[in-house]
Amino acid sequence: MRAASWELVAVNHPLQCRCGTLKGYVSHSGNVNRCVCYCRDCQAFAHFLGRPAEILDAQGGTDVIQTRPANVTFTQGRDVLACMRLAEKGLLRWYTTCCNTPVGNTLADFRVSFVGLVHNCLEGGGGSLDDSFGPIRAHVNTKSTQGKVQSSPVAMVLVILRFIALAGGARINGSYKRTPFFSVDTGAPVATPKVLSLSEREALSARISSTE
Ligand SMILES: [Zn+2]
Ligand SMILES: [Zn+2]
């Protein structure tokens, strides 16, 4: 019963930006949570990068692969990695400066071992997302969808449990200390976050509304 199992074949799925400057891979590919997020913040990030058509699906959703940062390895191009926050306290949203490819979202505290990788950085190096990571498990934050999307409360609970297992397990086994997004000595992100001003945020929000 493949659909009911979280554990798929573990492969090193290639990760790269559109232009190929940033390269790496995601290990333990079977041990992830895959969902589509429809929240306005994810949509705003897609607009910030100027690539909403490539990042968002027809309903405004972003296909996200949630895993532990310890499973993400960059092999080249780390210097093009940048991050932004939609607001002072928002998630750190990582992308590349070479070609504005979204990479993923982390919390500001690296001890919460979690990264939501945005599908675009996993599509350029070959290998199908379905084969490596399994099917989409849930559709979340569906209140902001542009059109009808089915949200199942059971799927949502599974996603939350899965998140706790990912982040909690990493806390216990110490793997949260392996992250390519932070210096674990100082706790600082490897790139200084660009925090959007209120007017920048409002401009992005207007672009989302104009596509609704
Ligand atoms: Zn690039
Ligand atoms: Zn979101």
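A residue is called buried if 20 or more other C-beta atoms lie within 10 Å of its own, exposed if 12 or fewer do, and partly exposed in between, with C-beta atoms placed from the backbone. Keep that in mind for the tour: buried residues make up 37% of the 212 residues in this protein chain.

Before you click around, know that this is a predicted model, where local features need pLDDT of at least 70, side-chain atom pairs count only at pLDDT 80 or more, and totals for chains, interfaces and linings use all residues. Residues are numbered from 1 along each chain as its sequence is written, while chains are lettered from A and ligands numbered from 1 in the order in which they are written.

**Stop 1: the whole chain.** Show it as a cartoon and you'll find five helices and 11 strands; helices (H or I, at least four residues) and strands (E, at least two) are DSSP runs, numbered from the N terminus. The radius of gyration (taken over C-alpha atoms) is 16 Å, close to the 17 Å from the globule rule for 212 residues, so the chain is as compact as a globular protein of that length. That rule is 2.2 Å times the number of residues to the power 0.38.

**Stop 2: colour by pLDDT.** This is the predictor's confidence in each residue, from 0 to 100. The chain averages 88, and 91% of the residues score at least 70. Now select residues 1–6, where the pLDDT is below 50. Where pLDDT is low, the predicted coordinates should not be read in detail.

**Stop 3: two helices.** Select H1 (residues 40–48) and H5 (residues 198–210): their axes come within 9 Å and cross at roughly 100 degrees. Axes here are lines fitted to C-alpha atoms, for helices over the stretch in contact, and angles run from 0 to 180 degrees between N-to-C directions. H1 and H5 are therefore roughly perpendicular (65 to 115 degrees; under 35 is roughly parallel, over 145 roughly antiparallel, the rest oblique). Which residues of H1 meet H5? Show Arg40, Gln43, Ala44, His47 and Phe48, facing Leu204, Ser205, Arg207 and Ile208 in H5. A contact means C-beta atoms, placed from the backbone, within 7 Å.

**Stop 4: two asparagines.** Start with asparagine 100, in the loop between strand S7 (92–96) and strand S8 (102–106). Its phi is positive, about 50 degrees, although it is not a glycine. Then jump to asparagine 141, between strand S10 (138–140) and helix H4 (153–173), with a positive phi of about 55 degrees. Buried or partly exposed: which is asparagine 141? Asparagine 141 counts as buried, with 21 C-beta neighbours inside 10 Å, whereas asparagine 100 has 18 and is partly exposed.

Note on methods:
Two residues are in contact if their C-beta atoms, placed from the backbone, lie within 7 Å.
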